[in-house]
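User: I'd like to learn how to read a model like this one. Can we take it feature by feature?

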Amino acid sequence: MASPAAGTQRSSPKHALRREVGLVGLLFASVGAIIGSGWLFGAEKAAKAAGPAALLSWGIGTVAIVLLALVHAELGGLFPVAGGTARYPHYAFGGFAGMSFGWFTWLQAATIAPIEVQAMIGYAQHWTWADGLLHAKDQTLTASGFVVAAALLAVFVAINFFGVRWLARTNNAATWWKIAVPVLTILVFGIKEFHGSNFSSQGFAPFGARGVLAAISTSGVIFALLGFEQAIQWAGESTHPRRDIPRAVLGSVLIGSLIYILLQVVFIGALPANTFSGGWDQLTYTGISGPFAGLATLIGLGWLASVLYIDAIISPAGTGLIYVTSSSRITYGLSRNGYAPESMQATDRRAVPWLGLLIAWVAGVLCFLPFPSWQKLVSFITSAVVLMYAGAPLAFGVLRKRFPAMERSYHLPAGQIISPIAFVVANLVIYWAGWDTLWRLGASILIGYLLLGSYAAYARSKGLPRAPRMDFRAGQWLPVYLAGMGVLSWQGQFGEGATGNLPLWWDIAVIAGFSLAVYYWALAVSLPAAEIERNIADVELLDAGGH
């Protein structure tokens, strides 16, 4: 089988995306997504959850993301299409799995921008004009805070209407700033104030393995490292996608993980001993609502605090802007695959999928209702994102099995081993998010099935030309997988409402065994090569301008 063509798109203006983004644009789309509100809050939240052993949380999180990024790098080079992560399972398993993972992908993209808005408002408490935007007790949005949050989200949407070339250039400039400020913080904190004794004064891991593992999902560790897939979501607008996408994916993970680990080191090292004398879970100081800026003020670095308060607007805003862009491209991809009405492919004269942008704003505003604080949103979205990522190792395994000789611009060494491990790791991160998060995620999944499933049934009943084939046989493993993860979470150790019947460490073994069983089951029932070729050809035809 020949590799899918990724030439210049020839579609009509109504459905066209323009290939105007180079390597730096792709790299900075991913780096800009990785370095957002996570760096402003992640170190403090992780330290409260795990103490100095938060460094282990970052290490485990980095390994998890690297494994998933390696798999995505090969797939991104193979299939440089807009909204790529929503499409890989569609190729390998057909309509039912494709629709499901497409919804998971859209869900995370549409709901990360609200997290960034929440972070901007949280840091803004430094200024008196923002006093009435958050409730002091639980940091949730007040009525006026809700209005401001919705308006900020609208600004992200409005900027997207200027087109992808202008957006990429704006993001490149913002990302240079977003890299420079954390690096400056690392250097200044490390030189000005560093107490090595902080790492052992109350024990390196005061909350044991449970704290280390919980911090990965619920305290912003994995969330902070997410975003490498943005280069893949922009693949339909890349000038040289086969060459540039693998480089952008892997390069962004390297840059992001190094910055975050060093930030955690200097944050813990710079803390005065009295700030955590009551225990790491009681860590507090004046200005902790903006952790790095407050700490800079506390140790006599007022000028750096001023820079950080400015960055608290720029970094989350840049990331939110990127995810609004990606959400609209994923909506476009879902429609291309036949899971949503064709009207959602409509683009304006600047080749912007305008309806997808409006949908992203509405979805984002709704997110402020059930999950109105940063940490609540983080744990929910971490689960949605990793669930989205879990589809890539499955698709990778199928494509390696069905088409071992397919030309690949990046060929992952030992991919047959790394892929199932990546799937196991993804499911562990989902499990560590906790039952109180996963049952809400389950409810969101059911809403997606209701929306997309209803449209699929309507399209088939009307005989529409792009009505999706459900391919339930190839996706038979998916309901068992989703329900099984829910049951294991409910019986596990993490999250409010979990029964604790599954002991610590045994739970890891059970999740790993369950994951491997699902992985090889999925490979065994995946679509035959001829049908996979048909799915890929259908998408290529559409992205080249066919109908």
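Analyst: Start with surface. Accessible areas come from the Shrake-Rupley method with a 1.4 Å probe. This is a predicted model. Its protein chain exposes about 18900 Å². Carbon and sulfur atoms supply 68% of that area.

User: What share of the 547 residues in the protein chain is buried?

Analyst: Buried means under 20% relative accessible area. Here 62% of the 547 residues are buried.

User: How many helices and strands are there in the protein chain?

Analyst: The protein chain has 20 helices and zero strands. Now look at contacts between residues at least 6 apart in sequence: 83% of them join residues at least 24 apart.

User: Where is confidence lowest, and where is it highest?

Analyst: pLDDT is the predictor's confidence in each residue, from 0 to 100. The protein chain averages 83, and 87% of the residues score at least 70. Confidence is lowest in helix H10 (residues 230-233), with a mean of 70. Helix H19 (residues 506-525) has the highest, at 96. Look at residues 1-16 too: pLDDT stays under 50 there. For that stretch the model has 44 contacts beyond four places in sequence.

User: Next, helix packing. At what angle do helix H5 and helix H18 pack?

Analyst: At about 35 degrees, with their axes 10 Å apart. The helices span residues 95-123 for H5 and residues 477-491 for H18. From H5 come Phe96, Ala97, Ser100, Phe101 and Phe104. They meet Trp477, Leu478, Pro479 and Leu482 in H18. By class, this contact has eight nonpolar residues, one polar and no charged.

User: Why would residues three or four places apart point the same way?

Analyst: An α-helix has 3.6 residues a turn, so residues at that spacing point the same way.

User: Now one residue. Why does serine 257 count as buried?

Analyst: Serine 257 has 8% relative accessibility, so it counts as buried. Its place is in helix H11 (residues 241-270). The side chain of serine 257 reaches the backbone oxygen of leucine 254 at 3.4 Å. Set aside neighbours within four places in sequence, and serine 257 is in contact with Thr62 and Leu225.

User: And which residues in H12 are buried?

Analyst: Pro291, Phe292, Ala293, Gly294, Leu295 and Ala296. So read helix H12 (residues 291-298) as mostly covered, since buried means under 20% relative accessible area and six of its eight residues are buried. Just after H12, glycine 300 takes a positive phi of about 85 degrees.

Key: Residues are numbered from 1 along each chain as its sequence is written. This is a predicted model: local features need pLDDT of at least 70, side-chain atom pairs count only at pLDDT 80 or more; totals for chains, interfaces and linings use all residues. Side-chain values use heavy atoms; hydrogens and water are left out. Axes are lines fitted to C-alpha atoms, for helices over the stretch in contact, and angles run from 0 to 180 degrees between N-to-C directions. Helices (H or I, at least four residues) and strands (E, at least two) are DSSP runs, numbered from the N terminus. Contact means heavy atoms within 4.5 Å. Ala, Val, Leu, Ile, Met, Phe, Trp, Tyr, Cys and Pro count as nonpolar, Asp, Glu, Lys and Arg as charged, and the others, Gly among them, as polar. Buried means under 20% relative accessible area, exposed over 50%, partly exposed in between (1.4 Å probe, protein chains only). A polar contact is a pair of N or O atoms within 3.5 Å; within protein, one must be able to donate a hydrogen and the other to accept it, and residues adjacent in sequence count only if both atoms are side-chain atoms.
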